[in-house]
Amino acid sequence: MTDLESSNNLIQRYHSVKQDIENACSDTDRTPDSVALLAVSKKHPAASIKTLYENGQRAFGENYVQEGTDKVSVLSQLDIQWHFIGPIQSNKTRLVAENFHWVHTIDRLKIAKRLNDQRPHDQAPLNVLIQINISEQASKSGIHLNELDNLAQSINEMEHLNLRGLMCIPEEQSLASLALEFKAMQHAYQQLQNQYPQVDTLSMGMSADLPCAIECGSTMVRIGTAIFGKRI
Ligand SMILES: *Cc1c(COP(=O)(O)O)cnc(C)c1O
């Protein structure tokens, strides 16, 4: 494949994912702009990000601190909104605090505190989502819902973090049980919104479960492979 062909394919897949989101929105009487698309670009080159940027995409998600930081630096001329969506180790918080606009994977007070301390004061507060282990899988990232009140309250008091909502990565399961978990997320999200009016983001849904997530109130879907193709 030539570079031009592969870039045309990328653009085509991008528009087709956007169309899927629009269709899911209209099926559930939601306006298309009520669901943001986060393009998950991990393991894909900066050139592909640039191509999508030129076609209107602004929000990109990265999982690995060093890889993400490298791309932030290479593409620093572009007005991209960078989301960190991978697990965070405490020795990597500084790079995340300095280079990203959003973090989706907060599940420990210690990490939140470090990000708050390390966020440069001349930058806007770091937007954060609390990750919920909604399928209650052993040894998976995320807190249980009964821990949410405490963590949300602590984060809300941090000057350099802005609590924006919740995120989850459910385990693979039947659509029926997935829908129950998404509905539990929606409920927790609405309660959080009642307490903290700035909360406006429910990061939920990937390629396979997009319609179900949108029906259950997701405001941001995270899509990688369906846009960029297989990761190398
Ligand atoms: C990789 C990743 C995605 C995208 O997954 P695809 O299967 O490539 O669409 C979404 N969310 C998170 C947290 C991820 O790590």
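**Entry 1: Glu136**

I located Glu136 in the loop between β5 and α6. Helices and strands here are DSSP runs (H or I of at least four residues for helices, E of at least two for strands), numbered from the N terminus. I noted that the model is predicted, that local features need pLDDT of at least 70 and side-chain atom pairs pLDDT 80 or more, and that totals for chains, interfaces and linings use all residues. Residues are numbered from 1 along each chain as its sequence is written, and side-chain values use heavy atoms, with hydrogens and water left out.

Is Glu136 buried or exposed? Glu136 is exposed, with a relative accessible area of 54%. I applied these classes: buried is under 20% relative accessible area, exposed is over 50%, and partly exposed is in between (1.4 Å probe, protein chains only). Glu136 has a positive phi of about 50°, although it is not a glycine. I also checked its C-alpha atom against that of Tyr196, 60 residues apart along the chain, and found a separation of 25 Å.

**Entry 2: Asp29**

I found another non-glycine residue with a positive phi, Asp29, at about 60°. Asp29 belongs to the loop between α1 (3–27) and β1. Its relative accessibility is 75%, so Asp29 counts as exposed.

**Entry 3: the ligand site**

I looked up where the ligand lies and found it in the largest pocket. A pocket is, on a 1 Å grid over the protein atoms alone, an open set of points where a 1.4 Å probe fits, with protein on both sides within 12 Å along at least five of seven lines. A molecule sits in one if more than half of its atoms lie within 2 Å of its grid points.

Which residues come nearest to the ligand? Of the 13 residues around the ligand, they are Lys42, Asn63, Gly224, Thr225 and Arg231; a residue counts as near with a heavy atom within 4 Å.

An oxygen atom of the ligand is 2.6 Å from a side-chain N or O atom of Thr225. A polar side-chain atom of Asn63 lies 2.7 Å from a ligand oxygen atom, and one of Arg222 lies 2.9 Å from a ligand nitrogen atom. The ligand alone exposes 380 Å², of which the protein buries 86%; these areas come from the Shrake-Rupley method with a 1.4 Å probe.

**Entry 4: Thr225**

I placed Thr225 in helix α9 (residues 225–228). Thr225 is partly exposed, at a relative accessible area of 36%. Beyond its neighbours within four places in sequence, Thr225 is in contact with Lys230 and Arg231; contact means heavy atoms within 4.5 Å.

I found His83 in strand β3 (residues 81–84), buried at a relative accessible area of 0%. The side chain of His83 makes a polar contact with that of Gln81 at 3.0 Å. Such a contact is a pair of N or O atoms within 3.5 Å; within protein, one must be able to donate a hydrogen and the other to accept it, and residues adjacent in sequence count only if both atoms are side-chain atoms. Sequence neighbours within four places aside, the contacts of His83 include Phe60, Gly61 and Glu62.

Ser41 lies in the loop between β1 (36–40) and α2 (46–54) and is buried, with a relative accessible area of 0%. With neighbours within four places again left aside, the contacts of Ser41 include Phe60, Gly61 and Glu62.

Note on methods
On a 1 Å grid over the protein atoms alone, a cavity is a set of points where a 1.4 Å probe fits but cannot get out, and a pocket is an open set with protein on both sides within 12 Å along at least five of seven lines; lining residues have an atom within 4 Å of a point.
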